[in-house]
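Work through these exercises with the model open. Each task is followed by its solution.

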Amino acid sequence: MKRNLFIIAALVAGCFYSFNVSAQQSSLVQDQNPRYKESERKYARIADTLNSEHGTTIQNTYKAFDWYEAKQERRQQNREWRHEERLNGGYYDYTPSWSLYGGYSYPFNSYRGYGGYGFGNHWGGGRSRFGVGVGFGW
Amino acid sequence: MKFNNFLAVAAIGASALFVSSCSRQVNRVSTEQTIDISGSWNNSDSRLVADDLSGKILGANWINNFQEAHQGKKPTVIVGFVQNKSHEHIEAETFLKDVESAFVQTSKVRLVQGGKKREELRAEKEDQQSNASVSTMKKFGLENGADYILQGSINSIVDAHKRQKVVYYQVNLELTDIQSNEVVWIGEKKIAKYVKN
């Protein structure tokens, strides 16, 4: 009895499977890839995001080197630095804080500190107010 | 006395000159006129691209080929995105709208809405389902499916030394069959500029 039930269940499962396969194959048009559903599922998730870009410009620009523009930018940068320095009340704005050199840190000026500009002039300490420890602050 | 008069006239003249030099002048110009100021991408470049590519896309064989294969039916196009890979900020919409306008005006190609505008249309349709009268309510699922998608790219090359610069722009538009991914048309417009500062 058990054996008969097992055979019947196997037959039903087989029928169900073959029905599914035939239904899927019959929905294919000529020469259509039978695995097209995999791709469909993948793009169903991202279609809305991608399609929202339709009719727009995706800006993926780069910065081209232009000798003249670079020179202008350098000049502008220098002007801004000078302006910052004037606002800070001079070239060296000592901020009292801990340092190795007698209670004065290296002049705090974030523009001077980075980017490789102006170190040569400053390390000499020619225009500093105190002239001690300049350039060796860290 | 004479000297005082002369001084007064000179002062008035100087002040008039000062006022006129400070005032800004704005004049309307023709959009067809080419005015190059910085050498960057401008309206003239956009117009050149639009004129050239509109003519090329509407004069190409893909329309006839489609109509032959589909019993004279007009092809339906959707505009995809354009990638700007140049060194400048360029909005492709300025010339794409001209191309779209040419599609609609010549009636050779049917154009369907895409992107955010399509979202808005669907949202409006959704709103109508509960607010419009039954006779005027628009139904979902009856949109025109596009046969082709129009995509593009903008590229540039800059060659600069000291005060001289040559800028080259290349704008490409491609039309692709959505069903088969076959590219049926490619149009390009190249613009080169010599700029001396």
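**Exercise 1.** Find the handedness with which α2(B) passes α4(B).

*Solution.* The crossing of α2(B) over α4(B) is right-handed. Next, locate the helices: α2 spans residues 43-59 of chain B and α4 residues 93-106. Helices are DSSP runs (H or I, at least four residues) and strands likewise (E, at least two), numbered from the N terminus. Their axes come within 8 Å and cross at roughly 35°. Axes are lines fitted to C-alpha atoms over the stretch in contact, with angles from 0 to 180 degrees between N-to-C directions.

This is a predicted model: local features need pLDDT of at least 70, side-chain atom pairs 80 or more, while totals for chains, interfaces and linings use all residues. Residues count from 1 along each chain as written, and chains are lettered from A and ligands numbered from 1 in written order.

**Exercise 2.** Identify which residues of α2(B) and α4(B) make the contact.

*Solution.* Contact needs C-beta atoms, placed from the backbone, within 7 Å. From α2(B), the residues include B:Val49, B:Leu53 and B:Ile57. From α4(B), they include B:Phe95, B:Asp98 and B:Val99.

**Exercise 3.** Describe how chain B meets chain A.

*Solution.* Count first: 27 residues of chain B are in contact with 18 residues of chain A. β1(B) gives the largest share of chain B's side, seven residues. Now the strands: three bridges join β1 of chain A (residues 57-59) to β1(B), running parallel. Pairing takes at least two DSSP bridges. A:Thr57 has B:Val82 as its bridge partner.

How values were computed
Two residues are in contact if their C-beta atoms, placed from the backbone, lie within 7 Å. A crossing is left-handed if the near helix is turned anticlockwise from the far one by less than a right angle, and right-handed if clockwise.
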